[in-house]
Amino acid sequence: MKFLFELMLSMLMLTNGSSGEPLTREDVQGYLKTHHLQYADTKIVSDHSALLVDVKGEHAKASILTKTADNKLVMQPNEYVWDEDEEGISVETVDRYLCIVIHDKALSHDMDFVNIVYVDDNGDERKDRYYFKGKQAIIIPMPTRKEYIVVAIYGNDGFIHDMIKHFPGIELHPNKL
């Protein structure tokens, strides 16, 4: 199921940009408000597609919102769903993005930021920091080249959750869209 979801996202990123007005943050927020939807985080991933992540208890869900050539917003029918770990956190890759989700079980830690540690194209260790800013999830771009990444999530109460995500044989190249 994940493969099909990522394939659909990749195809939409490649084909949806041919005509019409580009998708904006205001478009996404307006669509969500009009349809009474709430998502933990949204990320515009191409001129005409956005990745959305939702959290419901122990489950997280990724969805895709697209803007058609005639400027209509359409929520794609396929979704990708995954579960929290034993501490109430989930980290999932969706195409070229990393979705970091704080489920209800871990909300008491008041998560502040996440560090992503990886080795760059020059073989140097890099650390990127992203702040939750009160959100229950964040969508961040994957480093362009890696075999593994270290994900370390820090709560304001001293809580630290770290994990290593392995990606054997995968090398991402920057999107040329």
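The following legends describe close-up views of a predicted model.

**View 1. Confidence along the chain of the predicted model.**
The mean pLDDT of the chain is 87, and 82% of the residues score at least 70. Residues 170-177 form a stretch in which pLDDT stays under 50. For this stretch the model has 18 contacts beyond four places in sequence.

**View 2. An open sheet of three strands in the order 6-7-10.**
The pairing in this sheet is antiparallel. Strand 6 (89-94) and strand 10 are the edge strands; each has a single partner strand, so one side of each is left without a neighbour in the sheet. On average, neighbouring strands of this sheet are turned by 15° against each other, direction ignored.

**View 3. The pairing of strand 7 with strand 10.**
Strand 7, which covers residues 97-102, runs antiparallel to strand 10 and is joined to it by five bridges. Y97 has P141 of strand 10 as its bridge partner.

**View 4. D95 in the loop between strand 6 and strand 7****.**
D95 is a residue other than glycine with a positive phi, near 55°. Most residues other than glycine have a negative phi. The loop that holds D95 lies between strand 6 and strand 7, and the order 6-7-10 of the open sheet includes both of these strands.

**View 5. An open sheet of four strands in the order 9-8-11-12****.**
Pairing in this sheet is antiparallel. At the edges stand strand 9 and strand 12 (160-166), each with a single partner strand, so one side of each is left without a neighbour in the sheet. From one strand to the next, the twist averages 20°.

**View 6. The pairing of strand 8 with strand 11.**
Six bridges link strand 8 (residues 111-119) and strand 11 (residues 148-155) in the antiparallel sense. Within this pair, G155 of strand 11 stands opposite M111.

**View 7. The second largest pocket and its lining.**
This pocket holds about 170 Å³ of space. Its lining consists of R25, D41, T42, K43, Y130, Y131, K133, K135, I138, I139 and I140. Two or more lining residues come from each of strand 1 (41-46), strand 9 (125-131) and strand 10 (137-141). By residue class, the lining comprises five nonpolar, one polar and five charged residues.

**View 8. K133 in the loop between strand 9 and strand 10****.**
K133 is among the residues that line the second largest pocket. Phi of K133 is near 50°, which is a positive value in a residue other than glycine. The loop containing K133 lies between strand 9 and strand 10.

Methods:
Residues numbered from 1 in each chain as written. Predicted model: local features only at pLDDT ≥ 70, side-chain atom pairs only at ≥ 80, totals over all residues. Heavy atoms only, no water. 1 Å grid on protein atoms, 1.4 Å probe; cavity = no way out; pocket = protein on both sides within 12 Å on 5 of 7 lines; lining within 4 Å. Points joined across faces, edges and corners; volume = space filled by probe spheres on them. Nonpolar A, V, L, I, M, F, W, Y, C, P; charged D, E, K, R; others polar. Pairing = 2+ DSSP bridges. Axes fitted to C-alpha atoms, helices over the stretch in contact; angles between N-to-C directions. pLDDT = per-residue confidence, 0-100. Contact = heavy atoms within 4.5 Å.
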